[in-house]
Amino acid sequence: MSTRAPSPGPPPIATGTSGHQPQLLGDWLSNAPVTRALLFLNVLVFAIEVARTHNVMDLPPSEALALGASYGLATVGESRWETLITACFLHAGIVHLGFNMLALWQAGPLLERSVGSARMAPMYLVAGAFGNLLSVGYGWLRPSGSFSVGASGAISGVIAAAMVVGWRVSGWRSPLTQAMARWLGFVVLFGILSNGRIDNAAHIGGAVAGAIIATTWRGQRQSPTATAAILAACAGVLVACVAVVAYHDRTDRFATMLLAERSQSVERALRDGRCRDAYTALVAVDRLRDPIGPETSLRDRVDRLCGRSDR
């Protein structure tokens, strides 16, 4: 007989895994209303993308920014923090959407039925936003001026949260824990092997956020009233972020331009002798460049051709 004290088990959490488990493919999304809503919203937004671009394989930068893509220079330089959320519902093409929706369809109901919709919804938004935030931070290490779209950061958070729930309920050797760990490892490895074509920083950030949030879940699920309030709050945050994106689109003609396009606007205005427009575009350039340093050569050209002007 061993005299060693038993090792402590994982922190307790109440789940719904002992209840109804769907047996048929068509029943897979039962008792997972948040997952159903997320699938619908992502497909709906993609339909809007296609209606605007007439292209199912690519999302041009101007359209991506108009719809709320996460553009790191603007996120920091222009405080476009709302795009950390809106970018989670955009996709670069039908293949991108298909892979992400398949992963969400498989992992989302597992987690939502286990911990409840009131935990699933805010975790998804926070994981997606944190993934995009880490992507923005990583962008400073290798400035590329690119933008980021996709639900994969948020979905990585779902997978990581399901892995933590599996551990807390049944330990590291449980089938759910092992399956989610392998899946998460594949997502990260695939991002590494993509040679920069996939935003792996968003995957890692979303997974870290999802795992941390899942470790904080305690006790029973929220009541129906509390669940309704939490879901309404999440919907309100999303609607507010979309409204801010729309506001910028209507009030700032540079909102849908990358740094290079804003610089080209300055050059065109100088060629046409439109000094006022050149200075306006230069201010838009400087807003993006302020976190990384001013564009002195472009400003010197404007000052030389149009005369010096205070910003």
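Modeller: A term is needed at the start: helices here are DSSP runs of H or I with at least four residues, numbered from the N terminus. Please also bear in mind that this is a predicted model.

Colleague: Where is the place of L110, then?
Modeller: L110 lies in helix α5, and that helix covers residues 94-115.

Colleague: Which residues is L110 in contact with, leaving aside its neighbours within four places in sequence?
Modeller: With that exclusion, the contacts of L110 are W28, L176 and M180.

Colleague: And how far apart in space are L110 and L29?
Modeller: Their C-alpha atoms are 9.3 Å apart, while 81 residues separate the two in sequence.

Colleague: Let us turn to the helix itself. At what angle do α5 and α6 cross?
Modeller: The crossing of α5 and α6 is at roughly 130°, and their axes come within 7 Å. The two helices are therefore oblique to each other.

Colleague: Which residues make that contact?
Modeller: On the α5 side they are L104, G108, L111, E112 and V115; on the α6 side, S117, R119, M120, M123 and Y124. By type, the residues of this contact comprise 6 nonpolar, 2 polar and 2 charged.

Colleague: What about α6 and α7: how are they arranged?
Modeller: Helix α6 spans residues 117-139 and helix α7 spans residues 152-170; they pack at about 125°, with axes 7 Å apart. This pair is therefore oblique as well.

Colleague: Is the crossing of α6 and α7 left-handed or right-handed?
Modeller: The crossing of α6 and α7 is right-handed.

Colleague: Which residues meet there?
Modeller: From α6, M120, M123, Y124, A127 and G128 take part, and they meet G153, A154, I155, G157, V158 and A161 of α7. The residues of the α6 contact with α7 divide into 8 nonpolar and 3 polar, with no charged ones.

Colleague: Now the overall picture. How many helices and strands does the protein chain have?
Modeller: The secondary structure consists of 13 helices and 2 strands. The chain has 311 residues, of which 45% count as buried.

Technical notes
Residues numbered from 1 in each chain as written. Predicted model: local features only at pLDDT ≥ 70, side-chain atom pairs only at ≥ 80, totals over all residues. Heavy atoms only, no water. Axes fitted to C-alpha atoms, helices over the stretch in contact; angles between N-to-C directions. Parallel < 35°, antiparallel > 145°, perpendicular 65-115°, else oblique. Left-handed = near helix turned anticlockwise from the far one by under 90°. Contact = heavy atoms within 4.5 Å. Nonpolar A, V, L, I, M, F, W, Y, C, P; charged D, E, K, R; others polar. Buried < 20%, exposed > 50% of the residue type's maximum accessible area, 1.4 Å probe, protein only.
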